[in-house]
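User: Let's go through this one term by term, and please hold each label up against its cut-off.

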Amino acid sequence: MRKILLSLMNVALVLVVGANAKNKKALQDFRAVSPATAQIEQSGKAKIFCPVCGMALSQFYHTNHIAMVNGKVHQYCSIHCMLEEAMKNGKNVVDPRVVDNTTLKFIDANKAYYVVGSKKPATMSMVSKYAFGTKKAALEFSSKFGGKIMSYAKVSKMVKANLNKEMMAINKK
């Protein structure tokens, strides 16, 4: 009887440990960093949230973008939100910057190498977009996770063309 009880306890322990490992893995998101790691450039009471969709910037940090809007720095969870705000307000994006997925620091988006359509999760879109400061880093990422390397100009054009379609999909969710 004691052996049966110990066996059942071991099985239960294995199931609980296995379930916790799966839950931890599910909770880990490639896009996220700890709030202490995230570089937050905007100010105000809600500075840790995207001004368009309200998502926590640290949770989607690997896809964060920054731009000047009406003379103030705004930080967005994604290129989608940055361009959505610009289009809604009839403004051009001024001084766009993006997180370099190698250093986790902001770089000039116009000089970044974007990997578009990788197997990593997208933010506010059906298609992922991750930026890198060097072509070598973008190539390494795309060889591991797929995707096509594109410039900021091409990615912006693609996002603008699909913005209404993506907004409908987001609203549907």
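User: To start, which residue in strand 2 stands opposite His-65?

Analyst: Tyr-76 does. Before going on: this is a predicted model, with local features needing pLDDT of at least 70, side-chain atom pairs counted only at pLDDT 80 or more, and totals for chains, interfaces and linings using all residues. Residues are numbered from 1 along each chain as its sequence is written, and side-chain values use heavy atoms, with hydrogens and water left out.

User: What makes strand 1 and strand 2 a pair?

Analyst: Pairing takes at least two bridges found by DSSP. Strand 1 and strand 2 are joined by five and run antiparallel, so they qualify. Strands themselves are DSSP runs of E, at least two residues long, while helices are H or I runs of at least four, all numbered from the N terminus. The two strands form a hairpin with two residues between them, and Asn-70 in that turn has a positive phi of about 50°.

User: Why do we say the buried residues of helix 3 line one face?

Analyst: Buried means under 20% relative accessible area, exposed over 50%, and partly exposed in between (1.4 Å probe, protein chains only). In helix 3 (residues 135–145), Ala-137, Ala-138, Phe-141 and Ser-142 are buried. Seen down the helix axis, they fall within an arc of 130°, so they line one face; the arc is that of the directions from the axis to the C-beta atoms. The face turned away carries exposed Lys-136, Ser-143 and Lys-144.

User: What makes a set of residues a nonpolar core, and which members touch the most others in the largest one here?

Analyst: The set must be buried Ala, Val, Leu, Ile, Met, Phe, Trp, Tyr and Cys residues joined through side-chain atoms within 4.5 Å. The largest has 23 residues, and Tyr-76, Cys-77, Ile-79, Met-82, Tyr-114, Tyr-152 and Val-155 touch the most other members. Strand 1, helix 2, strand 5 and helix 4 (152–172) each supply at least two residues.

User: Which residues does Tyr-152 touch?

Analyst: Contact means heavy atoms within 4.5 Å. Leaving out residues up to four places away in sequence, the contacts of Tyr-152 include Ile-79, Met-82, Leu-83 and Tyr-114.
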